[in-house]
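Welcome! Here is a short briefing to read alongside the sequence and the 3D view.

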Amino acid sequence: MLPRCRLLLSRSIKSESWLEASQVHFRRFRSSDRQRPGNSYNISKPPFPGNQHQRGGFKHGGRSNPQHVMKQKKGHILDGFSIRDASDTLLIMQKQVRKWADLPHVHRRLESFGVPRADVQPLLSTFTREVSSGLLQSPIEQKKYHVERFALTAKEMNQGLRLDQILTQLFYSWASDPERQEYLLKSASRSTLEQISYLYSTADMSYPADMYPRARSMRRKVIMHVGPTNSGKTHMALRALAAAKTGVYSGPLRLLAHEIWDRLNKGQIVPLGMDPDADSEPDTSTNMDIIEESVSRPTVRKEGKAKYARECNLRTGEEFRIVSEYAGLVSCTVEMTSFNIPVEVAVVDEIQMLADPDRGSAWTAAVLGLPAEELHLCGEEVAVPIVQALLNDTDDELFINRYERLTPLTVQDESLEGDFSRVQKGDCLVAFSRSGIFALKRKVEENTGLRCAVAYGRLPPEIRAEQAALFNNPHSGYDVMIGSDAIGMGLNLKIKRIIFDSLHKFDGNVERPLSVSQVKQIAGRAGRYGLHGEPGGFVTTLHAHDLPRLHSVIPCQPDPVVFAGVSPTLAWAENVLQALPVDSSHQTLMEVAPYVSNVRPPCRAFVPSKVEERSQFVETHAKDMKLYDRLLISGAPMNWRDPLAVEFAARLCQIYNEKIRVPILHALQAGSYIEALEDVEAMMSGGKSSAGAPSKGLVTLEGLHKSLVLYLWLSFRLPVAFYQSEEAYTLKERTEKALDWCLRNVSGRVAVRYPASFGLEIPSEAEDGVEYRRTPYTRLQDESNRELGVRYAKLLNSERRNARSQQ
């Protein structure tokens, strides 16, 4: 009956565009028969959970205050082994294999992967004996097992988690070796060895470049633009994009994608091959790493001109802006990059992020998969070796353009020695916790009388941009910026001096020193080219004990990028699920890639962050959903540490499971979000506010904004179910205005109101200056078609539930 219902639906609805928009939704009700040989479809958004934090540029701010040290997670049991350098990895594996094989969680993991309990210990004993006896010392065996993939980075030289992974990978390679099968029959049954080999071969990810046949069908010209912050490395790439008939910009943040979209449509970027007009004025408000020409005419203009304008659409995780269905250019966040349509020019920004454990796979996919005649990669020098290694499998041409910083960066000889009265206009103080940022804000305002703007990871990007505008505007009254590492990317800030409150950051588990790359990325924001009366920027520390390390770090080269992240696709997950035991947990599926898959350097499959929290949520609230939906939920942009955000997401899942259609206000009834928003709006209208009310409202409104972004993110992936995107946009705009008010009043002072001419209000949609609509035509269908689809979806869902209850 079910296939006939699906066929009847496809014949009943004449609008093919509606079916195209709804196909993702109806995938949820497909047959769950795992024995059917894998479905061949593939989606690029999301690839695999843990890599789709889209977001539009949200980064979780670190925490460094002592109370978080008390909450440190217990380390891995294999932590603390001694190693001098990466070449000792094989020796460490040989020495630690016995301890590893005795760990209960290793036995449990192998059982979860389908190895019968009775065969686990005999196999591990044989494996341990061979490795301890020098299995990896033979060059022949090293080549057979691709031991280069087991290398440890400098940061991993005492991390048991990575050692656990590589020993498990070696075990699966060893147990799947055809030459050992007859010998291993003494330790395990043939069916067990076949199960191990089946999972190992199914999970193989040796050649990620082959996943992109359209890009492999062309020989691309890859141009890298590399250099430090403020070197102008994206300048020529953006001009080449503006000159192309078809092209795409892929960036790390929604703010950057939005800026490129806005400037291309307004004609502020002079295309390559065209000379700037004589009346050109430079734009010093850009977030892009460009050159401001002091002699020649500027090619990034303050005012747009029609002859330079290019139609460009915007696509981010929670927002589409469609200027024209026929626009040749697209500006998007990197996770939203399409690999299906060939273009003349593609620009991928911040390419060094391909090493990021959570999001890096999106950059790797862009390098390997973008079907562009010219592919421009902009970022730091440390990414060059990895890109070269990735392109060894693609037969593309590679050209490297190197840039130097345009203004000097000077480390001052003295710290502030804890004296906040020495903070000056144009300074930016950097801390790594939300509480630390507001503590610095209070102390600076008390000791100097200067008013401080703030920017940190949990703030929505729109509010971070608004706070940056306050700091940059000489008439706003905000002369100092207090920020986290969120200032290091995507914000145009006229900073003269960076002051580090600390050179350590809480990473969610332990407090660690900032890496060389992190220090240089943040420090490099000082002295933006052309933004100050005299060239150059300065950097120092708040406390004297941090200054010697700052002096030693700034001249150093950034930490090398050793691996590029790769992420499995939906098709991979479907096939692997068939190779796992029936009813395997979501966490088991997520662990196959980092623990089993053969991933050749320079690529690596990372364990998704918060894997336990994600898996527990899926098992609790999305267990009965189809695989696509489970991967979607586990990879959604959620703050897994926020109970209200998790409660909201659980409410979304509940309504989706029960009713399919999810009204936004109905879902928000689960928490106190709307009440908090209305309370702040009442205060904004002149109502009384209690002491600390803006600060308390700020925390809740940050969660509300994140929840609304989650709903919008889902609305572009399941548009039939999460259908109230316009209502969610309206709530999002209200929340941003309330957040802005809270930030301006969080210090406890009387609310400050500014004339509209100062340009300090959050811009409305009408003020963008570019006409667009938010949704593609595929979603602009009449409600009757939607209701028809929902009725059939409910019917299919009911049939599935009845079938399960009769089993």
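D395 sits in the loop between α15 (384-390) and β8 (397-402); helices (H or I, at least four residues) and strands (E, at least two) are DSSP runs, numbered from the N terminus. This is a predicted model, where local features need pLDDT of at least 70, side-chain atom pairs count only at pLDDT 80 or more, and totals for chains, interfaces and linings use all residues. Residues are numbered from 1 along each chain as its sequence is written, and side-chain values use heavy atoms, leaving out hydrogens and water.

*Backbone*
- Most residues other than glycine have a negative phi, and most peptide bonds are trans.
- D395 has a positive phi near 60°, and it is exposed, with a relative accessible area of 53% (buried means under 20%, exposed over 50%, partly exposed in between, with a 1.4 Å probe and protein chains only).
- E417, in the loop between β9 (409-411) and β10 (427-430), has a positive phi of about 55°.
- The peptide bond from P601 to P602 is cis, with omega near 10°.

*Helix pair*
- Helix α4 (residues 89-101) packs against helix α6 (residues 117-132) at about 165°, with axes 8 Å apart (axes are lines fitted to C-alpha atoms, for helices over the stretch in contact, and angles run from 0 to 180 degrees between N-to-C directions).

*Whole chain*
- The protein chain has 29 helices and 18 strands.
- Buried residues make up 59% of its 807 residues.
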